[in-house]
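Dear colleague,

I am passing on the model we spoke about, and it is shown just below. My notes on what was found in it follow, and I would be glad if you read them with the structure open.

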Amino acid sequence: MFERIIAILIKEFKQVLRDPRMKTVIIISPIVQIILFGYAANKDIDFVPTAIYDRDNTKESRQLLQRFTYSKYFVPKYYINTEDEENYMLDKGLVSAVLRIDRGFGRDIKSGKDASAQLALDGTDSNTAMIIAGYANTIMSAYQHNLFQADMDSLGLDFKAPGVDLRDRAWFNENLISRNYYLPGVIASIVTIMSLLLTAMAIVREKEIGTMEQLIVSPLRPLELIFGKLLPFGVIALMQCALITTVGVLWFHIPFRGSLALLVLATAVYLFTTLGIGLFISTIASTQQEAMMSVFLFYMPTFLLSGFAYPIANMPQAIQWFTLINPMRYYLTVIRGIFLKGVGMDILWPNFLILLVMGVTVITMSALRFRKKIA
Amino acid sequence: MNFKRILAVSNKEFIQIRRDPRSLGLAIVIPILLLLIFGYGLSLDIDRVQTVIWNQDASSGLARDFLLNFKNSKYFKIVKYTDNYRDIQHMIDSGEALMALILPKDFSHYLESGKEAPLQLLVDGSDSNTATIAMGYVRSVVANYNVNLLADTLARRGFRPARSLEMRSRVWFNMGLNSRWFIVPGVIAMIIMIIAALLTSICVAREWERGTMEQLISTPVKAPELIIGKFLPYFAIGFIDLFVGVLMSRFLFGVPFRGNYLLLIFLSGLFLTGALSQGILISTAARTQLLASQLATLTTFIPTMLLSGFIYPIFNMPQVVQGVTYFVPARYYIIILRGLFLKGNGMEVMWDEALFLLIFAFAMLSLAIIKFKKKVF
């Protein structure tokens with residue numbers, strides 16, 4: 001039995017890797033993705049392109065502007081003089097914010113009256129706009145505090161305000177680098193899509209070309225056929241996992257705090273589910289096109305509702321329940337736990353258990369269906 | 001170029017698509033599913049941050065008043081009050097809580113004696129974006145509390161409250177800061193890219209794989225006719241998807257459409273032409289469906305997800321990557337879609353993006369035809 005599995009395993013490897021371009025794609029694809037995620041997928045909002053519209057032009061307005069331009073959050077891209085320019089900048093999306101100080105700002109401050117400045121935000125990206133508004137408020141409060149202290153000093157009063165002093169500390173990702181969060185997730189994304197797509201398309205291809213008939217009439221038993229067909233894709237997915245981990249740790253300096261063996265084990269367990277689903281899709285699809293579209297139909301919700309880029313806690317309650325049957329969700333928790341938190345089985349065991357149950361169920365059901373189809 | 005021959009090829013393609021109704025169905029179902037997930041399921045707005053609190057100064061009214069600010073805020077959801085550090089550690093490790101607030105034993109004592117009371121905030125930084133935003137919320141609660149405390153203290157000493165400076169933020173285009181308005185137009189671009197490039201790349205590769213391409217080549221059909229004929233039906237599918245996308249955005253998700261519909265159709269046509277040609281180019285180069293699908297994912301889907309400004313702001317990327325985004329056509333299309341939906345922009349504002357799309361469409365179509373000719377002859 002073992003020999004026959006190995007025979008088909010070798011055939012399968014040869015077939016996938018015969019095309020040298022396919023070999024390249026299998027290696028290049030994870031590398032491109034990890035580089036893109038490492039450099040591009042960044043939701044930290046720094047260096048907001050800003051236009052400055054100073055109609056007041058007094059010492060006070062310049063002090064405030066200085067606080068904006070010296071913060072790392074705002075980058076003054078344009079200095080403008082008319083309202084038309086303000087409209088154009090925002091319409092065209094050249095800047096995300098326009099800081100406008102109207103006449104009277106300095107005069108009001110000097111005479112002890114309330115004063116205000118305006119920040120026009122491009123609300124298209126609501127999330128970014130909200131964060132920028134927060135930054136601006138903080139800068140304004142600091143300026144106010146400064147003015148207040150100056151007033152007290154000039155009156156010769158020694159007064160220190162009581163207050164709550166916030167001391168915050170981030171765990172696991174001390175410098176709050178988004179790359180540390182995304183890159184381990186890329187493993188989950190690539191392992192999922194690769195194992196699904198390779199399995200489903202390769203099997204349907206044999207059906208399409210007619211070579212599946214040949215395999216069926218060979219002395220292979222169905223179970224051996226299934227194992228031999230699935231194993232190479234599992235191996236490829238594992239190698240990609242290793243590749244991403246290596247690049248992530250060596251090039252992007254992603255912390256790896258947990259156990260490597262645990263990562264391999266988690267991936268292997270998770271592969272049961274994805275290979276099983278790939279096998280299942282191959283039994284319902286009759287063309288490769290259909291297989292690919294079905295893979296996408298399964299992959300998109302799995303990916304989007306896994307917590308990869310969008311926190312599950314923000315989703316509506318009904319969808320949060322739905323994510324409970326999403327295998328990638330558990331795999332992601334395990335991966336991030338291993339990379340960032342360095343936690344072990346004592347914390348991760350429920351995730352492993354769920355993945356194992358899912359995997360065994362899915363692969364058994366798919367194998368039964370596959371056997372019925374070819375028998 | 002002969003119009004009749006183009007029609008003959010697209011007619012054949014239509015028949016082939018009709019014979020495979022499941023693929024056609026998926027080409028409509030996948031976009032609807034994506035729009036539903038993005039529109040309903042995914043929110044970039046962060047609220048109900050799961051918080052665990054350890055109030056060591058529990059007997060003090062001042063500390064309880066301070067915590068009320070968190071309890072009454074929709075941004076925080078207090079999942080547990082605890083009295084030990086182990087609980088906090090476990091809850092953050094296992095992800096049950098995103099942050100922990102720790103009030104020291106002498107919290108109220110500090111404040112009453114006019115000093116600064118330390119407040120400890122521990123955040124799970126794994127998801128740095130969520131962590132940053134959550135920390136920002138806490139900061140603003142604390143700043144607010146401090147300002148009120150200062151005003152109270154001053155008033156008690158007989159001073160008039162300090163003058164206040166205000167930052168008046170005015171949000172344009174999306175006054176309600178609804179993240180759905182931001183995401184949904186981007187999803188339309190992503191859908192068109194996926195459907196157009198993936199579907200065509202695989203359908204042309206199939207003809208190569210099965211050998212029917214040879215048959216087509218041996219007919220009097222010329223390369224440009226063949227390519228245009230092949231992509232006409234997919235052009236139609238792309239427009240159906242666009243139509244479904246716009247309808248769902250307007251009526252299901254309530255995203256406003258402030259621009260011109262004719263402009264939307266015209267510019268979408270350009271984008272679609274480019275994307276379809278890119279699909280044909282890929283499949284001519286790949287020749288097998290498996291490779292074509294991989295190449296299409298790599299060159300269309302992933303850049304559209306990551307480098308188009310769909311989710312991740314381009315201005316935050318490193319300079320080199322920002323340079324690369326200029327070659328991602330979805331970047332321009334997304335700017336155009338958001339301009340049309342939210343800003344009501346016209347050609348006078350978006351002419352350069354439109355020009356880029358025109359270049360993209362023209363370049364891809366020519367490349368597809370040239371490459372195809374080379375492969376054949």
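Strand β4 of chain A (residues 115-122) and β5(B) run parallel and are joined by 8 bridges, and within this pairing A:Ser116 has B:Glu166 of β5(B) as its bridge partner. Please bear in mind throughout that this is a predicted model.

The two strands belong to an open sheet of 5 strands with mixed pairing, whose order is β2(A)-β1(A)-β3(A)-β4(A)-β5(B). Its edges are formed by β2 (74-79) of chain A and β5 (165-172) of chain B, and because each of these has a single partner strand, one side of each is left without a neighbour in the sheet. On average, and with direction ignored, neighbouring strands here are turned by 30° against each other.

As for the helices, α4 of chain A (residues 83-92) packs on the sheet, where it touches β1 (48-54), β2, β3 (97-101) and β4 of chain A as well as β5 of chain B, with a direction that makes about 160° with that of β3(A). Helix α6 of chain A (residues 126-154) lies across β1, β3 and β4 of chain A and also β5 of chain B, and runs at about 165° to β5(B).

Turning to chain B, the domain assignment gives domain 1 (3-42 + 179-376) and domain 2 (49-156), and the C-alpha centres of these two domains of chain B lie 49 Å apart.

Definitions and conventions:
Residues numbered from 1 in each chain as written. Chains lettered and ligands numbered in written order. Predicted model: local features only at pLDDT ≥ 70, side-chain atom pairs only at ≥ 80, totals over all residues. Domains from an automatic or database assignment. Pairing = 2+ DSSP bridges. Helix = DSSP H or I, 4+ residues; strand = E, 2+ residues; numbered from the N terminus. Axes fitted to C-alpha atoms, helices over the stretch in contact; angles between N-to-C directions. Contact = placed C-beta atoms within 7 Å.
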